[in-house]
Amino acid sequence: MTFTDFNLKDSILQAVTEAGFKEPSPVQKEAIPLVLEGHDIIAQAQTGTGKTAAFGLPIMSKMKADGSVEGLVIVPTRELAMQVSDELYRFGKFAGLKTATVYGGTAYGKQIERIKQASIVVATPGRLQDLLMSGKIKLNPQFVVLDEADEMLDMGFLDEIKNIFTFLPKERQTLMFSATMPKGIRKLAEEILNDPKTVSITKSESTNSKITQYYYVVQERERDDALVRLIDYKSPDKCIVFCRTKKEVDRLVAHLTAQGFKVSGLHGDMEQKQREVTIRAFKSGGIDIFIATDVAARGLDVNDVTHVFNYHIPFDSESYVHRIGRTGRGGKSGEAITLVSPNELRTIKRIEKDVGAKLVTQVIPTRIEVQNNRQDELIAKIAETQITDKAIELVKTLQHDLDIVTIAHLLASMIQNENTVKGKDIIGLGLEEVELLIERAMQQRGNDRGRGRGNYRGNNRRRQGGGGGNRHSRNGRSSRNGGGNRGSF
Ligand code: ADP
Ligand code: MG
């Protein structure tokens with residue numbers, strides 16, 4: 001199936017082609033025909049599955065471009081407003097459809113001017129309510145979209161949203177998009193949607209299968225070392241590290257900066273300007289690592305995020321899904337990596353069940369393993385490198401004073417110094433140890449439900465066994481390193 005199979009306007013199709021979209025995503029396949037037919041819809045699909053185009057393309061295809069505001073898209077945050085607006089602008093530019101972005105914290109005048117020239121307004125609830133209630137603007141949109149509706153409710157925007165709808169025309173087509181469908185969302189849907197069709201992309205389709213999910217079990221005090229080691233090992237092009245608190249964000253920014261990484265923090269307290277500058281730097285590659293809180297990274301759409309790290313496991317499965325959805329976007333593959341302490345194993349198992357995906361447990365590579373890895377990469381890279389004229393000149397100059405072998409040794413040392421892996425050799429728990437802990441955690445859950453005493457004793461015995469297994473597996477790992485066997489990772 002391609003986008004030409006939908007009945008979209010030529011000017012819109014042209015934009016889709018230019019955007020490089022080949023095949024519609026599952027949510028697009030289902031939603032676009034329904035919206036074109038004029039139905040209200042309530043659609044559930046995870047982040048990164050192309051929801052913007054799922055509503056944007058069909059409504060824009062139906063717009064007249066008559067200079068009035070024909071579409072209103074309500075989104076939870078300023079970042080999202082800008083992103084969605086950018087994406088819609090791309091889709092609408094050949095059809096002469098302008099977008100205006102409306103959010104708090106900036107002057108009213110310019111925004112109002114833009115709204116007057118726009119076909120589509122993308123707005124956050126607070127500022128939009130302001131503008132409507134004060135009578136600064138009047139809107140008569142035929143299409144109204146609630147994007148990331150669950151986020152909006154989580155952020156406490158329910159009253160604003162209900163109020164906004166009192167200013168909107170009764171005759172309209174309303175589309176609601178949400179990654180999750182908690183009760184509050186369904187209730188709101190009943191109030192604002194008219195005989196809606198449901199689009200639900202099942203879990204297996206929606207938990208982006210292009211995201212490989214790993215978790216690593218570490219002791220509480222090992223989190224920093226583990227994170228640095230894993231970043232060293234995975235060498236992500238662009239990654240986001242999720243934390244629970246702003247304080248943690250600040251601390252990690254300092255820690256990783258000191259380790260020589262290009263890092264920046266993103267949290268709710270930052271000035272809007274500063275946030276935009278930071279996000280732009282991240283997009284353009286000036287920053288490789290973003291350290292963020294959940295709120296700050298909501299809906300953040302940066303292409304090419306190769307890895308998402310959960311420094312701490314999120315409190316609930318929905319946050320987990322939102323977080324890992326920052327990678328594997330637009331059909332690319334990505335990795336999600338979660339650090340858990342032994343106490344959190346039950347939480348990770350619950351999340352695994354909730355999201356319906358397999359989270360693979362792995363052992364953190366030792367320093368020597370990472371070092372060996374880099375050596376292999378280095379050798380491959382050297383073999384591939386083209387010799388430049390400048391390099392030939394440099395070697396000639398060096399040869400005035402040094403013999404060729406010494407020159408080679410010096411250059412190799414220089415490269416290796418840049419490539420050393422720091423930190424202690426072994427971080428985190430071994431596989432056997434983790435397996436035992438999981439088993440114990442699951443049994444413990446059985447006990448919590450009031451199972452018999454026999455189980456409890458079984459646990460105690462295992463605990464001793466686990467200790468022994470621990471030492472054993474660590475020795476095993478060290479000797480494997482010695483033997484150069486990295487196959488187990
Ligand atoms: P969601 O709103 O579901 O989180 P977005 O609409 O932000 O997802 O889309 C995520 C990314 O995927 C965007 O960069 C978008 O341009 C891209 N994208 C959307 N649909 C397609 C498609 N059919 N083919 C390729 N890329 C797509
Ligand atoms: Mg979206």
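Me: Before anything else, contact here means heavy atoms within 4.5 Å. What share of the contacts between residues at least 6 apart in sequence joins residues at least 24 apart?
Reply: In the protein chain, 77% of them do. Bear in mind that this is a predicted model, where local features need pLDDT of at least 70, side-chain atom pairs count only at pLDDT 80 or more, and totals for chains, interfaces and linings use all residues. Residues are numbered from 1 along each chain as its sequence is written, and side-chain values use heavy atoms, with hydrogens and water left out.

Me: Why is C239 called buried?
Reply: Buried means under 20% relative accessible area, exposed over 50%, and partly exposed in between (1.4 Å probe, protein chains only). C239 has 0% relative accessibility, so C239 counts as buried. Across the 489 residues of the protein chain, 49% count as buried.

Me: How many disulfides are there?
Reply: You'd need a pair of cysteine sulfur atoms within 2.5 Å. By that rule the count is zero.

Me: What makes α4 and α13 oblique?
Reply: Helices (H or I, at least four residues) and strands (E, at least two) are DSSP runs, numbered from the N terminus. Axes are lines fitted to C-alpha atoms, for helices over the stretch in contact, and angles run from 0 to 180 degrees between N-to-C directions. Under 35 degrees is roughly parallel, over 145 roughly antiparallel, 65 to 115 roughly perpendicular, and the rest oblique. Helix α4 (residues 78–92) packs on helix α13 (residues 272–284) at about 50°, with axes 11 Å apart. The pair is therefore oblique.

Me: Which residues of α4 and α13 meet?
Reply: R78, E79 and M82 of α4 meet Q272, R275, E276 and I279 of α13.

Me: Why is α14 called roughly perpendicular to α15?
Reply: Helix α14 (residues 317–324) and helix α15 (residues 345–355) pack at about 70°, with their axes 9 Å apart. That angle makes α14 roughly perpendicular to α15. On the α14 side, S317, Y320 and V321 touch R350, I351, D354 and V355 of α15.

Me: And what makes α16 and α18 oblique?
Reply: Helix α16 (residues 367–384) meets helix α18 (residues 404–419) at an angle of about 135°, the axes being 11 Å apart. So α16 and α18 count as oblique to each other. Q371, R374, Q375 and L378 of α16 make the contact with I415, Q416 and N419 of α18.

Conventions:
Chains are lettered from A and ligands numbered from 1 in the order in which they are written.
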